[in-house]
Amino acid sequence: MKIYVSGLYSGGNPQPGVGIVRSLRQGYPDATLIGVEYNNRVSGIHWNELDDLWVQRPWDEINLEAYADKVRSALDEGGLWISGSDLEAMWLASVFPGGHPNLLAPPAGAMKRIAKPAVEAHRGLPVKIPTYVSTDLPDWELHAFCRAHNWRVWLKGPYYDAARTPSWDVFVAARAALTKVWSTERLFLQAHVSGYEESVMLAAYQGELLSCVSMRKRDVTAEGKTWAGDISAVDPAFEATLRQMVKALNWTGGGELEMVRDPSDQLWLLEMNPRFPAWVHGATIGGHNLPATLVEGATGVPARKTEVQASEFTRVVLEVPVRDDYPLPPLPEPFAGAVGHSMKHPSGLTSLAKRLHKSNPELLEIVADDGPAADGKAEVPESFLADIASYDLASVETPQFLYFETTAAGLFKRAADRAHRLGTNEVEVVSGYSIKTNPDERLIRLALDNGFYGECISLLEVHKALEVGFRPDQIILNGPAKWWPEGMMPKERMHAVFCDSVADLERCVAAMERGDMSSKHVGIRIRTPNVVSRFGIPLDSPDTFAKLIDAVGRLPSDTAFGVHFHMASSTIGVAGWWHLFESMMKWCRSIEKLTGRTIQILDMGGGWFPDDWHSDDESKFAKAVETVKAMLPGVRQIVSEPGKAMAQPSMALAMRILEIQEHEEDHVEAVVDASIAELPMYAFQPHRILRQCGETGALQPLGRGKTHLMGRLCMEHDIVASNVSLPEGTRAGDVLIFCDAGGYDRSMSYVFGRG
Amino acid sequence: MYLVEADGAVAERGGTQTAPAPRPSDRWESFPPSRLSHHGKACCDIAREWVVGMDFAQLNGGDLTSGPRWLREKYKWGPSPWPIHWCEAVKRKTIDCGAHAALALEAFTARGLTAFPAQLVQKYSEDSTEQWRGKWAEEDVSCHWLDGEHIYHEVTALQVGEDEVKIWDASAGSWINPRQAGGYGSLVAIRIVADGQWGGGDGLRWGERRIKPGLWVQI
């Protein structure tokens, strides 16, 4: 019996080849085991249980047609083939779409049905698929997906590789890297599932499940790969459905379902691999020799019985002798000035991916349930278009911020109406406008006209609000610099003052005693204990909490007490913000209980992304009001401060294209007259971009592509947008409009490069 | 538990030739689970409220049945003197398994879950227990929890189904594996301190086992 085994890579993220060989050797001591590899650097070729080697040229060199003929001959001559590589198995499926009796790998149809991330074949199994989206959606929607999942998301390639993307800039960089490595734009973003990882390995032949076994990871590498595990029988109910799935897929070969079990015991399927896993021999140690079972099922030749050695296994690092006929190749020279040797994918799997994409693009596409591929063009609200239409763009001097009057008016009215709807006889709900998000007088006036309070972090902001028309009793003052600049503190009674530290509280108390400050409500800002923040009085140790309790006791008893907490929901995610809200309610209740002070005003919010705040779903906000009423019955007013949600959509930045440079492979660099000085948030959020057609005046949204929009500054990082496509006919002089620039883009923009 | 109470509750080895072979858990037969004392004043009220508030904050929106992993992060496992009050325990850098388990029990209960104190006897090695004996002696803390190659350990049983529990080891920051038996660090006996006729009198289910509350169950 001759068995070819591939996938012998044995680095930190190993392939299963060596484990398959070890297991086969136990089951068939006399079989001729031939290791198949595509690079003589792969260390598994030196494993001493291999009888022979079939070392091919790397995937980027090999003549695939000639090699296919060789494999066919080997199989026709009676050799069995167990693939230990996903991409090789895919290539074999394309060579033998209907399978081959001696090819112990899945047929093409089955491959398609286990494609990530939908893993269509999973239906019937007691598992769920973690939420995902394809990256061909517009950046605007990808950002929304990340926020919705608290930035606990993974960007995954269609075959291998996954990167945690905890922020927008990391996502953009990872997307560029994975796209380049795997030669595809179609990646996917998947929500992280917390829990313990476990797998089910299976062996099947022509649709019959021969055996399966369960493994829980008990130790993992830094990459999350199995280092130790325990082996047990698969739950009978799971096995029954797995048997049906294998039959439906007409599966042949090894396979692995990689899953996570969450704290509520729900299993989440991350992926299904068309091969045995790298821990395959760990199962053999546990008495489940699936490679031997597979060969027995395919040939009818009984395998030697596998003894149970232990129900748990672990890995160790072994040095083995190098074969005389395959001496170690030289170590590549590091690139000049670089650190270390780039040794990833020595057999050229990435090249195989590229070649397979060309020859059979359908086989290798990711399969998602979220509809046909999108073009990356974000939908732009009608009100934006109407506001842009009010400008004569041809005469607009660029770069210039465009004020969206209709949009802004609509946003403020909508927020005011919502606050009114959410209020009750017992609890008034009002909105606060954070002046710092955009101190444009037009926006401050809209806030005033719509019944907002003015939320200020400095006395300059207070005076700006007063100049626009706010009364002192419509001012809320907070932040660590509320006394800056000296001498500008209003003498009149303000609506609320929130102290940012114990020292700030002591200063405020003293000032009120002297008559230098007056406020209807005086309270504290509390620092979020589980999210890094520099603001507010901390709660992170029993001592600091005790100090906070003590400090509250020093607040004047003739003012109403309040609590303020802010955290950017766009940074911690929407679900994360709502958890923070619940957590803060519990802290507030504790503060009331321990100080005897009743909280009468609650000021909360900060940093809401506009779409999350202005969403039609009011139920969460309504529920929050109910929660406040239930947990803090003394609260009479809730100040909801949406932060940039009000300002961000209210302005856009118009710019002109100065020059278009075309490079190799359709890459384009377009230089614009704006820069990161006008778009300082470029790394934190996407912007919806429109181009005005020079001929028709029509506004065209930009989709995904190979164009980088380079700012006017002579600064290497001055790139205001990456991976966009300019509509056909775009030329120097055309106007681009970056929407969603009315928040911190506007307020933090700075003068730079203007002489 | 109070030190005096704990030392007094340790059973001496003895017996006659006709008596059944002693079980490792016999030494701790009368041992009650640890509990933190309360001064009856604001200091302990603040400490308790802080633990409950911090536990919920640290959940980060995760499942309520997640283990309070932060306790092990905040408080290293090691000797702590007994009796210990809430206000003292929360200010320490190091606490023992009794304090860890008591805090975890409070955290689970404050989340609205049902949890019970649980006691374990685990097997290590004489070398290990000697090391621990030395460390505990340096701090002038009783070593009643050590006995040859066996140790007494406190954990928390969390109800996750009608009559099913998972066992959270707050000192390790992990769930105890119900499948494992024998060897270094393995479980020798377990007792869950709970009232009621769970599982129709068969006890609480933990993995494949049934654990009758209040009784030491040998593994």
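Helices and strands in this tour are DSSP runs, numbered from the N terminus. The model is predicted.

**Stop 1: chain A as a whole**

Select chain A and colour it by secondary structure. Chain A has 22 helices and 30 strands. Turn the view to see its extent: along the principal axes, the C-alpha trace of chain A spans about 95 × 65 × 50 Å. Of its 755 residues, 57% count as buried. Contacts in chain A between residues at least 6 apart in sequence can be sorted by that separation, and 69% of them join residues at least 24 apart.

**Stop 2: a loop with a positive phi**

Go to Gln206(A), in the loop between strand E9 (196-205) and strand E10 (208-220) of chain A. Its phi is near 45°, a positive value in a residue other than glycine. Most residues other than glycine have a negative phi. Is Gln206(A) buried or exposed, or partly exposed? Its relative accessibility is 49%, so Gln206(A) counts as partly exposed, since exposed means over 50%.

Now select Asp140(B) in the other chain. This residue sits in the loop between helix H6 (126-138) and strand E4 (146-147) of chain B. Phi of Asp140(B) is near 60°, again a positive value in a residue other than glycine. Asp140(B) is exposed, because its relative accessible area is 71%.

**Stop 3: two cis peptide bonds**

Return to chain A and show the backbone of Thr398(A) and Pro399(A). A cis peptide bond joins these two residues, with omega at about -5°. Pro399(A) is placed in the loop between helix H11 (382-389) and strand E15 (400-403) of chain A.

Next, select Trp484(A) and Pro485(A). They too are joined by a cis peptide bond, and omega is about -5°. Pro485(A) belongs to the loop between E18 and E19 of chain A. Most peptide bonds are trans.

**Stop 4: salt bridges**

Stay in the loop between E18 and E19, and select Lys491(A) together with Asp516(A). Their side chains meet in a salt bridge, 3.8 Å from N to O. Why can this pair be said to tie together separate parts of the sequence? Lys491(A) lies in the loop between strand E18 (475-477) and strand E19 (493-499), and Asp516(A) in the loop between helix H15 (502-514) and strand E20 (518-525) of chain A, so the pair ties together parts that are 25 residues apart in sequence. Lys491(A) counts as exposed, at 56% relative accessibility, while Asp516(A) counts as partly exposed, at 24%.

A network comes next: select Arg216(A), Arg218(A), Asp230(A), Glu312(A) and Arg179(B), which are joined by salt bridges that share partners. Side chains of opposite charge can pair when their charged atoms come close.

Arg113(A) forms a salt bridge with Glu120(A), and the closest N and O atoms are 3.4 Å apart. Arg113(A) is partly exposed at 29% relative accessibility, and Glu120(A) is partly exposed at 34%. The second pair is Arg261(A) and Asp265(A), whose side chains meet in a salt bridge of 3.3 Å, N to O. Here Arg261(A) counts as partly exposed at 25% relative accessibility, whereas Asp265(A) counts as exposed at 52%. Over all chains, the structure holds 47 salt bridges.

**Stop 5: where chain A meets chain B**

Show both chains in separate colours. How many residues of chain A are in contact with chain B? There are 27 residues of chain A in contact with 24 residues of chain B. The area buried between the two chains is about 2200 Å², and carbon and sulfur atoms give 57% of that area. In chain A, select Pro263(A), Pro542(A) and His579(A): they lose the most area to chain B, together 25% of what that side buries.

The count between chain A and chain B is three salt bridges. To view a salt bridge across the two chains, select Lys91(B) and Asp543(A), whose side chains meet at 3.7 Å, N to O.

**Stop 6: the second largest pocket**

Finish with the second largest pocket, which has a volume of about 960 Å³. Then highlight helix H6 (168-182), strand E21 (560-566) and helix H17 (569-572) of chain A, each of which supplies at least two residues of the lining. Colour the lining by class to see 15 nonpolar, 15 polar and eight charged residues.

Note on methods. Residues numbered from 1 in each chain as written. Chains lettered and ligands numbered in written order. Predicted model: local features only at pLDDT ≥ 70, side-chain atom pairs only at ≥ 80, totals over all residues. Heavy atoms only, no water. 1 Å grid on protein atoms, 1.4 Å probe; cavity = no way out; pocket = protein on both sides within 12 Å on 5 of 7 lines; lining within 4 Å. Points joined across faces, edges and corners; volume = space filled by probe spheres on them. Helix = DSSP H or I, 4+ residues; strand = E, 2+ residues; numbered from the N terminus. Nonpolar A, V, L, I, M, F, W, Y, C, P; charged D, E, K, R; others polar. Salt bridge = Lys/Arg side-chain N within 4 Å of Asp/Glu carboxyl O. Buried < 20%, exposed > 50% of the residue type's maximum accessible area, 1.4 Å probe, protein only. Contact = heavy atoms within 4.5 Å. Buried area = accessible area lost by both parts, 1.4 Å probe.
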